[in-house]
Amino acid sequence: MSYVPVDGPRQGITNRFRIDGRRNRWSFFMGCLAITILSVIAFLVIILTWGIVEAAAPQHAWGIGVFFEIVMGLMGLYFGLWFLSFAAQRCHDLNWSAGYALLSLVPGVNVVLFLLLLFKVGTKGENAFGPDPRTYYEVINGVLVPVSGPDADEN
């Protein structure tokens, strides 16, 4: 028996800023990992570009610096909002309001919240925010048929 998860790796990329629905732990972890890797790469590219441009035109260093600081700030906002959307969906999986995701903006509390979102098991079955994201499909006679996941309760 092979199970195929419903939440594919592209869902977090294509639906970046949606806060509706639910996100399971694995999807949350992989999404946070993707955000981290992409943001590090993006910031390195900006910093290297900043250095090259500033070395080429030192007489305009102040204006170039302001421009790149604004670009970096906007990128930080972009990746931060992307993470907040993931955290909101994960809160929904725990049957919490998406407002709890805003606690990730509070220093110290953000670490505790991140660990809770990463390790606490979500609500089994459907809750107020949608169906269980741990629903799996089983391939039967070449057709994908929705079945309960391997960790769901058997009735």
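## Two helices side by side

Let's start with helix H2 (residues 25-56) and helix H3 (residues 61-93), whose axes come within 10 Å and cross at roughly 175°. Here an axis is a line fitted to C-alpha atoms, for helices over the stretch in contact, and angles run from 0 to 180 degrees between N-to-C directions. H2 and H3 are therefore roughly antiparallel to each other, a label used for angles over 145 degrees.

The contact of H2 with H3 has 21 nonpolar, five polar and four charged residues. Nonpolar covers Ala, Val, Leu, Ile, Met, Phe, Trp, Tyr, Cys and Pro; charged covers Asp, Glu, Lys and Arg; the others, Gly among them, are polar.

## The whole protein

This is a predicted model, where local features need pLDDT of at least 70 and side-chain atom pairs count only at pLDDT 80 or more, while totals for chains, interfaces and linings use all residues. Residues are numbered from 1 along each chain as its sequence is written, and side-chain values use heavy atoms, leaving out hydrogens and water.

The protein has four helices and three strands, running β-α-α-α-α-β-β from the N terminus. Helices (H or I, at least four residues) and strands (E, at least two) are DSSP runs, numbered from the N terminus. Of the 155 residues, 30% are buried; buried means under 20% relative accessible area, exposed over 50%, and partly exposed in between (1.4 Å probe, protein chains only). Among contacts (heavy atoms within 4.5 Å) with a separation of 6 or more, 64% link residues 24 or more positions apart.

## Ser39, inside H2

Ser39 sits in helix H2. Is Ser39 buried or exposed? Ser39 counts as buried, at 14% relative accessibility. A polar atom of its side chain lies 3.0 Å from the backbone oxygen of Thr36.

Asn95 is in the loop between H3 and helix H4 (109-119). Most residues other than glycine have a negative phi. Asn95 is not a glycine, yet has a positive phi of about 65°. With a relative accessible area of 40%, Asn95 is partly exposed.

Another loop, between H4 and strand S2 (136-140), holds Asp132. Asp132 is buried, with a relative accessible area of 16%.

Which residues does Asp132 contact, leaving aside its neighbours within four places in sequence? They are Arg22, Thr123, Lys124, Gly125 and Glu126. Gly21 is 111 residues away from Asp132 along the chain, and their C-alpha atoms are separated by 9.3 Å.

Methods: Angles under 35 degrees count as roughly parallel, over 145 as roughly antiparallel, 65 to 115 as roughly perpendicular and the rest as oblique. A polar contact is a pair of N or O atoms within 3.5 Å; within protein, one must be able to donate a hydrogen and the other to accept it, and residues adjacent in sequence count only if both atoms are side-chain atoms.
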